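User: Could you walk me through this model, one question at a time? I would like each answer to end on the thing I asked for.

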Amino acid sequence: MSEYYLLLRSVLRAKPHLRACLSRCRHCRIFFLTHPRNAGRRNLRCPFGCRKAHRKQQSTQRSVAYYRDPQGKKKKCALNQRRVSKGAADRPRPVRSVTSTPKNDSAKGSQPMVEHVRMVVSLIEARSVSMKEIREMLQRVLRQHSMCRRRKIDHAVAWLNENPP
Ligand SMILES: [Zn+2]
């Protein structure tokens, strides 16, 4: 966490014009960089989970409201009737399939963090960075990270060999 803020601070020091994009999550209060089109908005949620959780909640609320209004109720009645007439052996249809959530929701939802990294790197480099580039960059960084960790363990083992407890 403190590492994240150190990084954010050094980015803002190097690119002061990005200060306008600095935003704070209204839910968990974490600071993050947002797209310039959202700069200055105070009602944003962070891309580290709060945005997704809120969307999910809203979608549930939408479907609840849908079934509360009389027209929605009629539809649900018909749906239940159809379910009954099809027989109890039929699997119950999940409520979500009735609402108009887009099909690619889960595909997009699985990588909001990568998309956030892409957006921030694009802002920092002042060019449009592709998802492919970001994935390659992340793989490189993660590989280095695990290599460093392995080296640290090797050092510890070597040290223990020389200085047995
Ligand atoms: Zn948050």
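**Contacts, fold and sites**

Analyst: Residues 24 or more positions apart account for 32% of the contacts in the protein with a separation of 6 or more, where contact means heavy atoms within 4.5 Å. Please keep in mind that this is a predicted model, in which local features need pLDDT of at least 70, side-chain atom pairs count only at pLDDT 80 or more, and totals for chains, interfaces and linings use all residues. Residues are numbered from 1 along each chain as its sequence is written, and side-chain values use heavy atoms, with hydrogens and water left out.

User: Thanks! What pattern does the protein follow along the sequence?

Analyst: Helices (H or I, at least four residues) and strands (E, at least two) are DSSP runs, numbered from the N terminus. The protein has six helices and two strands. Read along the sequence, they give α-β-β-α-α-α-α-α.

User: What share of the residues in the protein is buried?

Analyst: Buried means under 20% relative accessible area, exposed over 50%, and partly exposed in between, with a 1.4 Å probe and protein chains only. Of the 165 residues in the protein, the buried share is 20%.

User: Now the metal: which arrangement do the four donor atoms make around the zinc ion?

Analyst: Donors are N, O and S atoms within 2.8 Å of the metal (3.2 Å for Na, K and Ca), and water is not among the atoms, so sites may look incomplete. Here Cys25 (SG), Cys28 (SG), Cys46 (SG) and Cys50 (SG) coordinate the zinc ion at 2.3 to 2.4 Å. Four donors count as tetrahedral if all angles lie between 85 and 135 degrees. The four donor atoms subtend angles of 105 to 113°, so the arrangement is tetrahedral.

User: Is Cys50 buried or exposed?

Analyst: For context, Cys28 has 40% relative accessibility and counts as partly exposed. Cys50 is at 12%, so Cys50 counts as buried.

User: Which elements give two or more residues to the lining of the second largest pocket, and which gives the largest share?

Analyst: On a 1 Å grid over the protein atoms alone, a pocket is an open set of points where a 1.4 Å probe fits, with protein on both sides within 12 Å along at least five of seven lines; lining residues have an atom within 4 Å of a point. The second largest pocket has a volume of about 740 Å³, and of its 19 lining residues the closest to the centre are Tyr4, Leu7, Val117, Met137 and Leu138. Two or more residues come from each of helix H1 (2-14), helix H5 (112-125) and helix H6 (131-162). The largest share, seven residues, is that of H5.

User: What is the phi of Ala126, and is Ala126 buried or exposed?

Analyst: Most residues other than glycine have a negative phi. Ala126, in the loop between H5 and H6, is not a glycine, yet its phi is positive, about 55°. With 67% relative accessibility, Ala126 counts as exposed.

User: And which residues does Ser122 touch, not counting those up to four places away in sequence?

Analyst: Ser122 sits in helix H5 and is buried, at a relative accessible area of 12%. With residues up to four places away in sequence set aside, Ser122 touches Arg127, Ser128 and Val129.

Notes
Grid points are joined across faces, edges and corners, and a volume is the space filled by probe spheres set on the points. Four donors count as tetrahedral if all angles lie between 85 and 135 degrees; four count as square planar and six as octahedral if opposite donors are over 155 degrees apart and all others between 65 and 115; anything else is irregular.
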